[in-house]
Amino acid sequence: MTNAILAGIQLKSQSEDEFKSAIEECRALCEACDMEIVGELYQKANSVDPKTAFRSGKVEELAGLAKETDAEEIVFYNPLRIQTAQRISEICGDTEVIDRTALILQIFSKRARSRQAKLQTEMARLQYDLPRVTNISDEGNHQRGGSVTNRGGGEMRSEIIARKYQARITALKEELSHIEVQRGQDERRRSKTLLKRAALVGYTNAGKSSLMNALLRMNEGQGTEVYEEDMLFATLDTSVRRCMHGAQEYLLYDTVGFVSDLPHTLVEAFHSTLDAARDADLLIHVIDYADPAWQKKREITMDTLREIGADKIPVLTVFNKIDLLEDPAVPGLGISCRTGAGLEEVSAGIADHLYPKQITMNCLLPYDKMALFDAYRKFVRIEILEQKEDGMRLKIEGPAAYAEQFRMYEEKKEG
């Protein structure tokens, strides 16, 4: 564990509750990054001081707290320019200073497991660092007072850094494109199954992975459970499993969780990871109903879905962790992944959304069209009524999207 001080500035535009919620989340992010909070320091101000974030007296107080607690790191909730972070570090005895975005990037670096997640995280880190490293080089050159004729040394350093970073970003994008081609092939194979797709979305630690595992346990043998833990960003890689409700089968995707002010570099870097949400037939929005800030976090999730172009997809909202409340007046579908409450209703709700209309018909399927029987028997209920010389009489019952494939062979009704 790393000893860390959590610091932040409550701006005039923030209410007390908004700031408290933001700091609470930042504290959870620190814990997810294996940091132990040994001290906290906050200040109210109209703006973040561009030189030292805090005003001078508060910075000295921070330096004293860092020395007193033997802090190895200082985490600011507010975004910091690299020059600002370096000045604070110098004042605080060279203690490392990072902001919330850098903290999230550290978590992603630690949690990335698949090759794709590791590459995406590295690219996000480079995109975050590039303007910061370049700016500090430019500022150093400016402070030395370079003229038109002698400024080259600093400019060259800046340009070399920029070229190096850009070259690596280009190489990462190329490697990720190859992985996406492979993923596209995998998705095309899945699409041939004709199965509908549902994607779990929501704020990080709302219980998406827990819900996936609970649905898998309802139908034994559907596939291995996914990793879950009570912490922010427990999983980064998209997982997909086959799930069933009765005879209706579908693909269920578990996606990376969202947070407020998700760094744009991460949104861009994990664009392909979020394809599961954009390509889904249904989004299952999991909300931690025991969280006092659940309404704000619901808005953040919906904003993120709009940002990635997934806001037009139907949404089934699920309120998780109702077991933690004494009298939960749930404004919708309430569940507890821990106790199992409401899980049957969720499973039925997913099936109803994915396969909303059931139709029944009798048809005479020619023997040379039996491939249709084989292709759709997993998606509709087929009862063999009679075998005739010119074909097989069948009773077809199931979702209209699939049962309609037999419509041309439907028996004409008399009268």
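Author: Phe319 is buried, because its relative accessible area is 2%. Here buried means under 20% relative accessible area, exposed means over 50%, and partly exposed lies in between (1.4 Å probe, protein chains only). The model is predicted, with local features needing pLDDT of at least 70 and side-chain atom pairs 80 or more, while totals for chains, interfaces and linings use all residues. Residues are numbered from 1 along each chain as its sequence is written, and side-chain values use heavy atoms, without hydrogens or water.

Start with the rings. There are 11 aromatic pairs in the structure. Rings of Phe, Tyr and Trp (its six-membered ring) pair if their centres lie within 6.5 Å; planes under 30 degrees apart are stacked, over 60 edge-to-face, the rest tilted. Tyr289 and Phe319 make an edge-to-face pair, 5.4 Å from centre to centre, with 75° between the planes. This pair links distant parts of the chain, 30 residues apart. Tyr289 sits in the loop between strand 8 (282–288) and helix 10 (294–307), while Phe319 belongs to strand 9 (residues 315–320). Helices (H or I, at least four residues) and strands (E, at least two) are DSSP runs, numbered from the N terminus. Tyr289 has 12% relative accessibility, so this residue also counts as buried.

Phe319 has another ring partner. The centres of Trp294 and Phe319 are 5.4 Å apart and their planes stand at 90°, so this pair is edge-to-face. Trp294 lies in helix 10 and Phe319 in strand 9, so the pair ties together parts 25 residues apart in sequence. Both Trp294 and Phe319 are buried. Elsewhere, ring pairs join Tyr355, Tyr376, Phe379, Tyr402 and Phe406 into a cluster.

Strand 3 (residues 73–76) pairs with strand 4 in the parallel sense over 4 bridges. Two strands pair if DSSP finds at least two bridges between them. Val75 has Ile98 of strand 4 as its bridge partner.

Helices cover this sheet. Contact means heavy atoms within 4.5 Å. Axes are lines fitted to C-alpha atoms, for helices over the stretch in contact, and angles run from 0 to 180 degrees between N-to-C directions.

Strand 1 is mostly covered, with 7 of its 10 residues buried. Strand 1 pairs with strand 2 in the parallel sense over 10 bridges. The bridge partner of Asn3 in strand 2 is Glu36.

The two helices also meet. The axes of helix 1 (residues 16–32) and helix 4 (residues 100–111) come within 9 Å and cross at roughly 35°. The crossing is left-handed, meaning that the near helix is turned anticlockwise from the far one by less than a right angle, while clockwise would be right-handed. Helix 1 brings Glu25, Cys26, Leu29, Cys30 and Ala32 to the contact, and helix 4 brings Arg100, Leu103, Ile104, Ile107 and Arg111. By class, this contact has 7 nonpolar, no polar and 3 charged residues. Ala, Val, Leu, Ile, Met, Phe, Trp, Tyr, Cys and Pro count as nonpolar, Asp, Glu, Lys and Arg as charged, and the others, Gly among them, as polar.

Last, some backbone angles. Gly93 follows helix 3 and has a positive phi, near 70°. Asp94 lies in the loop between helix 3 (82–91) and strand 4. Its phi is positive too, about 65°, although Asp94 is not a glycine. Asp94 is exposed, because its relative accessible area is 62%. Asn205, in the loop between strand 5 (196–201) and helix 7 (208–218), has a positive phi near 70°. With 23% relative accessibility, Asn205 is partly exposed.

Step back to the protein chain. Its secondary structure comes to 13 helices and 13 strands. Of its 415 residues, 49% count as buried.
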